Amino acid sequence: MQRLIWGVIILVVVAVLAGLWAILNPAMQKAAVNQMTEPAGVVETVWSVNAQGQVDGPPVLTLQQGQVLRMEVTSAQSEELHVHGYDLLESLPAGETVTVDIFLVHSGRFEVELHKQHKQLTVLEVTPK
Ligand SMILES: [Cu+2]
């Protein structure tokens, strides 16, 4: 009888672990994100930052989940661009235009910062599809 109880306990533990593995497995989470494989169009937007750190470009950009945002950013000073939520870091050499494509798979409100000047370049509002 005790053997049977231990058998049931072990089965339950194995089932719970298998379930957790399926939920937490990064490959399975990636597969869910990859279901969105067809970008719904590219939105090109341009920003420039002058030597005084003044930003010229939209302060807020509203986009649809599934679109691709093509950011063209030119900074007079060398900078580091950080797109929050997408964990995207891009260095901006002084005076050069850098193009960054972001496939907007995540919806939400994401700040885009210039780290060296502690400045907000813009905010991306990605509305769910
Ligand atoms: Cu940041």
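**A walk through two open sheets**

Let's start with a pair of facing residues: phenylalanine 110 sits opposite leucine 124, which belongs to E9. What you're looking at is a predicted model, and that pair is a handy way into it. E9 covers residues 119-127 and runs antiparallel to strand E8, residues 108-114, with seven bridges joining the two.

Now zoom out to the sheet around them. Five strands make up an open sheet, ordered E3-E9-E8-E5-E6, and the pairing is mixed. At the edges you'll find strand E3 (60-64) and strand E6 (88-92), each pairing on one side only. Going from one strand to the next, the twist averages 20°. As background, strands in a sheet pair through backbone hydrogen bonds, in either a parallel or an antiparallel way.

Most residues other than glycine have a negative phi. Histidine 118, though not a glycine, has a positive phi of about 50°, and its place is the loop between E8 and E9. It counts as exposed because it has 8 C-beta neighbours inside 10 Å, where the cut-off for exposed is 12 or fewer. Aspartate 87 is another non-glycine residue with a positive phi, near 50°. This aspartate lies in the loop between strand E5 (79-83) and E6. With 7 C-beta neighbours inside 10 Å, aspartate 87 is classed as exposed too.

On to the other sheet. Here four strands form an open sheet in the order E2-E1-E4-E7, again with mixed pairing. Its edge strands are strand E2 (55-56) and strand E7 (97-103), each with pairing on one side only. Strand E4 (residues 68-75) pairs with E7 in the antiparallel sense, over seven bridges. If you want a specific spot to check, glutamate 72 has threonine 99 in E7 as its bridge partner.

Leaving aside residues up to four places away in sequence, glutamate 44 touches Arg70 and Glu72. The C-alpha atoms of glutamate 44 and arginine 70 are separated by 4.6 Å, with the two residues 26 apart along the chain. Glutamate 44 still counts as exposed, because it has 11 C-beta neighbours inside 10 Å.

Finally, how far does the confidence go? The protein chain has a mean pLDDT of 85, with 73% of its residues at 70 or more. Over residues 28-32, pLDDT is below 50, and this stretch has one contact in the model beyond near neighbours in sequence.

Conventions:
Residues numbered from 1 in each chain as written. Predicted model: local features only at pLDDT ≥ 70, side-chain atom pairs only at ≥ 80, totals over all residues. Pairing = 2+ DSSP bridges. Axes fitted to C-alpha atoms, helices over the stretch in contact; angles between N-to-C directions. pLDDT = per-residue confidence, 0-100. Contact = placed C-beta atoms within 7 Å. Buried ≥ 20, exposed ≤ 12 C-beta atoms within 10 Å, placed from the backbone.
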